[in-house]
Every structure is written in structure tokens, then in C-alpha cells.
Amino acid sequence: MKRTLTLLLLTGLVLSAGLYTYLRQPDSVPEVRTATVSTGDVIDSVGATGILEAVTTVQVGSQVSGKIQELYADFNSIVRAGEVIARLDPSLFETQVEQSKANLIRAQADVERLAIAVDDAKTKLARAEGLSARDLIPASELEAAQVEVRLAEAQLRSSRAQMTQAEASLNQVNVNLGHTIITSPIDGIVISRSVDVGQTVAASMQAPILFLLAADLTKMKVNANIDESDVGRIRPGQVVTFRVDAYPDSEFEGLVSQVRLEPIVVENVVTYATQIDVPNPDLRLKPGMTATVTLEIARRNDAVRIPNAALRFRPTDDMFVALSLPLPEQPEVGRSDGQGGRPEGRRQMMERFQNMSEEERTTMREQLGGRPEGRRQMMERFQNMSEEERTTMREQLGGRPGQGGVGEQANVGGRPRPVATDAIPATERGATTIDALFGPLPVTVTRGQVWLYAGGDVKPTALRLGITDGAFTELLDPAIPLGTELVTNISLADGALSRPTGPTNSPLIPQRRSFFGR
């Protein structure tokens with residue numbers, strides 16, 4: 001009994017000491033995760049996929065039917081313009097040529113025979129006219145001689161037409177005979193061959209394709225399909241980088257040459273074909289390769305940047321309670337484009353507009369959007385001008401900054417409004433392609449908010465931001481120095497991460513409960 005009581009007493013003392021030690025442990029300190037303001041390249045880009053193709057490809061076919069007798073070119077063969085690359089069996093066409101020659105000789109003989117008949121009829125007519133003048137033959141014989149001449153002349157004209165037809169038939173069969181020899185139309189490389197020796201090709205409905213030639217594989221193009229949500233930011237001349245599966249460690253470059261206006265609709269998804277010119281001096285790129293394309297919209301080299309995780313972070317009340325900090329007042333953050341973008345500016349402009357008289361409102365509308373009558377008069381005047389006067393007018397309108405040049409927009413109240421010169425049709429602006437009329441991309445300026453972490457305190461700061469690449473965003477405010485720590489997340493008690501906040505939250509992603517269970 002004594003031994004049992006002693007063991008129970010010792011066990012109770014150990015449990016009491018452990019419980020006391022556990023209760024005296026300090027509360028868990030929340031972990032503040034930060035990222036610093038750094039420098040680096042920020043590239044705003046658009047991704048797409050495309051197919052590599054030769055810039056110029058020519059399909060070589062056969063205009064006549066027949067059996068392939070000989071082939072002088074194969075896959076990857078280099079051919080020159082005019083070089084013979086295939087030959088059809090010419091025996092059938094040679095027989096047709098001989099038949100056409102015989103028909104032509106017969107037609108020529110008929111012409112000669114009828115020409116003699118015309119001469120004979122004319123001789124008889126002259127004799128009949130002499131006898132009729134001396135009243136030695138009746139008038140009916142003279143008329144018969146005249147009819148005989150006209151009939152012989154008509155037969156001669158018909159025979160000459162048949163001779164012409166025989167000549168045309170001979171020329172046609174000679175052309176068909178020449179088509180049995182297939183020549184290369186350009187200097188290029190054979191990238192496809194569709195026939196073999198002994199195969200019969202039929203050209204009854206359409207010309208069968210025998211070869212596919214590429215003009216120059218040192219210059220290629222990528223036809224990429226750009227989504228309609230991104231095509232508004234694509235301009236000719238933008239830099240493009242892409243990769244192909246054949247060379248996963250290599251990156252190739254190109255330039256946007258054309259954004260085609262024809263929409264491509266596949267399962268209600270609208271895309272636009274964008275052509276990208278690609279140099280291929282080492283011939284590593286092959287036609288048909290799939291390219292993963294990245295179109296560079298804007299680039300900032302060695303820019304001051306902040307991580308997007310800091311922009312997405314939004315603290316909760318639980319975090320301030322866990323950090324023993326007072327709840328801050330949230331500043332109002334709006335989008336700004338440099339003029340009228342703040343809510344206060346829009347509100348002041350609206351109040352000013354409401355206090356105007358009707359005449360002042362009309363004047364303001366005319367200044368901002370242009371008067372419809374003025375636009376119509378300008379159009380009529382432009383249509384009646386000569387080409388020289390139109391050129392002068394374009395130079396005057398496009399040469400003055402802020403005076404409504406072609407494609408220029410007035411930025412009022414945070415919203416771009418077209419000016420009066422936009423009423424000029426695209427066909428009258430002196431451009432050869434629509435790509436030349438695309439205006440430059442506007443400068444991207446937005447506003448955001450981050451939380452600074454210094455000395456155990458968390459403070460909000462509003463920022464002016466530039467372009468973003470998805471991971472980092474360009475910082476336009478010089479007030480924040482490099483190395484400044486920005487809060488990206490705060491983990492609460494027991495290592496539980498705070499609930500993600502910001503515009504990227506998804507209700508489909510399971511969220512962990514916060515410190516207070518909210």
C-alpha cells in the first residue's frame with residue numbers, strides 16, 4: 001500500500017508540474033512574411049501558340065491527266081525556276097498532235113479547192129456578163145452565174161474557218177503535250193511530294209498537287225491565334241519570343257508583322273490570326289512545328305518592382321489583434337490614369353457639370369466630343385478636296401500635338417473620347433494597310449496598396465504602379481526605397497496561415513480557419 005501511494009503521489013506531482021509549465025508558456029507570436037522592393041526586368045506579355053510555316057509556299061500541280069513517267073525531284077531537293085521536276089507519259093498527247101496535224105492539212109486542202117472553185121465561178125460570171133450584154137443568153141443564166149459565185153465564196157469562208165479551228169486544235173494539243181513536262185515555278189526546296197513513278201493523276205475537276213515547294217526556309221513565319229481579349233494590345237513591330245519542342249533549351253525571336261482582321265471562331269471562342277516574321281539562318285526551324293509564343297507588349301529594364309503577392313495581401317482584424325496593433329483606417333484606393341481617375345476628381349467634375357447652365361453644358365460637350373454638324377461639314381469638305389489638299393490637311397492635323405491628329409484621342413475625365421478627325425474614313429488617311437493606322441498603346445498607370453512592415457508595425461501605403469508580368473509590378477513612386485519590406489502574409493497561432501485575401505480569392509479553394517475561427 002505504501003509503495004502504491006508513493007507512486008500515485010509522484011505521478012500527480014509530475015502531471016502538476018507539466019501542466020504548470022504548459023500554462024506558463026508564452027502565447028505563440030504570429031509570423032509575418034515579407035518581401036522586399038527590388039530591381040529587375042518587368043515584361044508585360046501575352047501568350048499564344050502557333051504553327052511555323054514558310055513565308056512563301058507554292059503548290060505544283062498538273063494541268064493534264066496521265067501517268068507519271070519520271071520524277072526528277074524528291075523530298076528536300078533544291079530546285080531552280082524552270083527546272084524539270086517530273087514528266088508525264090506523252091504518248092497519248094503525241095497521237096493527238098498527229099491527228100490535229102492531219103485535220104489541219106485536210107482543212108488547208110479544202111480551202112485551196114474552194115478557192116479554185118471561186119475563181120472558176122468568177123470566170124463563168126464574166127463570160128455570162130459579156131454574152132448578156134450582147135443579148136446572147138437569157139437573164140436567168142446571168143443570175144445563176146452570180147449565185148454560183150456567191151455560193152462558192154461562202155463555202156470558201158466556211159472552209160477557212162474550219163482551217164482556223166484545226167490550227168487552234170493543233171495548238172491546244174501542243175500545249176497539252178508541253179504540260180506533260182512539269183517544271184519548278186520558283187527557286188526553292190521540295191518539302192512535299194505526293195506522287196510516285198507509275199501513278200496516274202487525273203486533272204478532270206482540279207489540278208492534282210504533285211509537289212509543295214518552299215521559296216526560302218531561312219525566313220519563316222509563325223501564324224499565332226491571339227485571343228480577342230488580348231488582340232487590342234498587339235501592334236506590328238512588337239518583339240516575340242517562342243520555343244519549340246525540338247529545341248526545349250533554345251529561345252527564338254521574331255517580330256509581329258500583321259494582325260489580320262478576319263475572326264476565327266471555334267466553339268464560340270474568337271481569335272485573330274497574327275503573323276510573326278522569324279529569321280531561320282541555321283535552318284533549325286522546320287515547317288509545321290508548334291511554337292509556344294510570348295508576345296512582348298511592354299518592357300521595363302532594371303525597373304523598381306514589387307511582388308504581386310504584396311499587392312494581393314489584405315490584413316484582417318484578427319491579424320492586428322494577434323500583433324497587438326490598433327486597427328488602421330483603410331485609405332480609399334481607386335484607379336488613376338493621370339487625369340480625373342480618382343473618385344474625388346470624378347465627383348468634383350460631376351458637381352461642376354450639374355451647376356452649369358445649359359449653354360455652358362453644350363459648349364463643354366462640343367469641346368469634349370466635337371459637334372456632329374462640324375464633323376459632317378468636315379467630311380464633306382474633305383471629300384471635295386484634291387489629293388494635294390488632303391495631304392496638306394493630314395499634315396496639319398497630325399502635326400499638332402493635342403489638336404486632334406489622326407488617331408489621337410482626348411483623355412478627359414479618365415475616359416478617352418475620339419476627336420473630330422476620327423470621322424475621316426480609314427481609306428482616306430493615306431495608309432496602304434490598316435496596321436499603319438493603329439495608334440500607340442497607352443501608358444499603363446494604375447493604383448494599388450501595400451502594407452509596410454517596419455519595427456513590428458504594419459502600415460498601409462497607396463502606390464502608383466506601372467506594367468506587370470504576373471509576378472512583379474513596376475513601381476512608379478520614388479518615395480519607397482529599395483529594400484523596403486512589404487507584407488505578403490501573416491501566419492497566426494499554431495502556424496495556421498491567414499486566409500488569402502484580395503481579388504484572387506476563389507470560393508472553390510478550401511480555406512484554413514483563422515485564429516479566432518472566422
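Which residues does Ile226 touch, not counting residues up to four places away in sequence? In this predicted model, local features need pLDDT of at least 70 and side-chain atom pairs count only at pLDDT 80 or more, whereas totals for chains, interfaces and linings use all residues. Residues are numbered from 1 along each chain as its sequence is written, and side-chain values use heavy atoms, with hydrogens and water left out.

Ile226 lies in strand β11 (residues 219-227), strands being DSSP runs of E of at least two residues, numbered from the N terminus. With the neighbours up to four places away set aside, Ile226 touches Ala48, Val231, Ile234, Val270, Thr271, Tyr272, Thr274 and Leu295, where contact means heavy atoms within 4.5 Å. Ile226 is buried, its relative accessible area being 0% (buried means under 20%, with a 1.4 Å probe and protein chains only). Ala273, 47 residues away in sequence, has its C-alpha 6.4 Å from that of Ile226.

Strand β3 is joined by 5 bridges to the antiparallel strand β10 (residues 209-214), and Val60 stands opposite Phe211 of β10.

Strand β20 (residues 472-475) pairs in the antiparallel sense with β15 (residues 290-307) over 3 bridges, and 2 bridges join β20 to strand β19 (residues 457-468), also antiparallel. Thr473 of β20 is the bridge partner of Ile306 and of Thr468. The hairpin of β19 and β20 has 3 residues between the strands, and Gly470 there takes a positive phi near 100 degrees.

Methods. Pairing = 2+ DSSP bridges. Helix = DSSP H or I, 4+ residues; strand = E, 2+ residues; numbered from the N terminus. Buried < 20%, exposed > 50% of the residue type's maximum accessible area, 1.4 Å probe, protein only.
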